[in-house]
Amino acid sequence: MTTKANLIAVTIDCDEPRKMAEFYHQVTGLPITYAEDEYAAVSDGSTSLYFGRVPDRKPVEWPGPDKQFHLDFRVPDVGKAVEEYLAIGATKPDFQPGVTDEGVGWIVLRDPDGHLFCVCPEK
């Protein structure tokens, strides 16, 4: 039997950790718990996103085979949330696999450092 581990955080490589912490603070409401040039964090004590400085990190092409991860966020109103996130620095790629003839399932955005994340409707 293997030792069971508890996930405590996700660390995201980025160029500007403070900027990323501020962006995700606004998206999630999680308090900024640490903010330095090399490292920053948002956390409520159980959910944590950490941001570590990696100079010259290059965002992946979307769509493309190099994507390694993305974050999903559930919101009550996808359209309103997308507008707000665009206003604070997100961008919206042209390719949107969650948009169907029946309507919007989810929207793919890029954070200010180019990481992909999805804005998903409530169940």
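Biologist: Which residues form one aromatic cluster?
Modeller: Phe 23, Tyr 24, Phe 51, Phe 73, Tyr 85 and Phe 117. Keep in mind that this is a predicted model: local features need pLDDT of at least 70, side-chain atom pairs count only at pLDDT 80 or more, and totals for chains, interfaces and linings use all residues. Residues are numbered from 1 along each chain as its sequence is written, and side-chain values use heavy atoms, with hydrogens and water left out.

Biologist: How many aromatic pairs does the rule give?
Modeller: Nine. Rings of Phe, Tyr and Trp (its six-membered ring) pair if their centres lie within 6.5 Å. Planes under 30 degrees apart count as stacked, over 60 as edge-to-face, and the rest as tilted.

Biologist: What kind of pair do Tyr 24 and Phe 117 make?
Modeller: Their ring centres are 6.1 Å apart and the planes sit at 65 degrees, so the pair is edge-to-face. Tyr 24 lies in helix α1 and Phe 117 in strand β9 (residues 116-121), so the pair ties together parts that are 93 residues apart in sequence. Helices (H or I, at least four residues) and strands (E, at least two) are DSSP runs, numbered from the N terminus.

Biologist: Are Tyr 24 and Phe 117 buried or exposed?
Modeller: Both are buried. That means under 20% relative accessible area; exposed is over 50%, and partly exposed is in between (1.4 Å probe, protein chains only).

Biologist: What about the rings of Tyr 39 and Tyr 50?
Modeller: Their centres are 5.8 Å apart and their planes are at 50 degrees, so that pair is tilted. Tyr 39 is in strand β3 and Tyr 50 in strand β4, 11 residues apart. Tyr 39 is partly exposed, at 32% relative accessibility. Tyr 50 is partly exposed too, at 23%.

Biologist: Switching to the sheet. In what order do the four strands come?
Modeller: β1-β4-β3-β2, in an open sheet with mixed pairing. The edge strands are β1 (10-14) and β2 (32-35), each pairing on one side only. Two strands pair if DSSP finds at least two bridges between them.

Biologist: In which sense do β1 and β4 pair?
Modeller: Parallel, over five bridges, with β4 covering residues 48-53. Ile 12 stands opposite Phe 51 in β4.

Biologist: Where does helix α1 lie?
Modeller: Helix α1 (residues 17-28) lies across β1, β2, β3 (39-43) and β4. It runs at about 15 degrees to β3. Axes are lines fitted to C-alpha atoms, for helices over the stretch in contact (heavy atoms within 4.5 Å). Angles run from 0 to 180 degrees between N-to-C directions.

Biologist: Which residues of α1 are buried?
Modeller: Pro 17, Met 20, Ala 21, Phe 23, Tyr 24 and Val 27. The arc is that of the directions from the helix axis to the C-beta atoms.

Biologist: Why would spaced-out residues point the same way?
Modeller: An α-helix has 3.6 residues a turn, so residues three or four places apart do.

Biologist: And which residues of α2 are buried?
Modeller: In helix α2 (residues 78-87) they are Val 78, Ala 81, Val 82 and Tyr 85. They cover an arc of only 100 degrees, which puts them on the same side of α2. The face turned away carries the exposed residues Lys 80, Glu 83 and Ala 87.

Biologist: What do the buried residues of α2 pack against?
Modeller: α1, β5, β7, β8 (107-110) and β9. As for β5, its covered face has Leu 71, Phe 73 and Val 75, and its uncovered one has Asp 72 and Arg 74. Five bridges join β5 to β9, and the two run parallel. Val 75 stands opposite Pro 121 in β9.

Biologist: What phi does Asp 56 have?
Modeller: A positive one, about 65 degrees, although it is not a glycine. Most residues other than glycine have a negative phi, and most peptide bonds are trans. Asp 56 also sits in the loop between β4 and β5. Asp 56 is exposed, at 63% relative accessible area.
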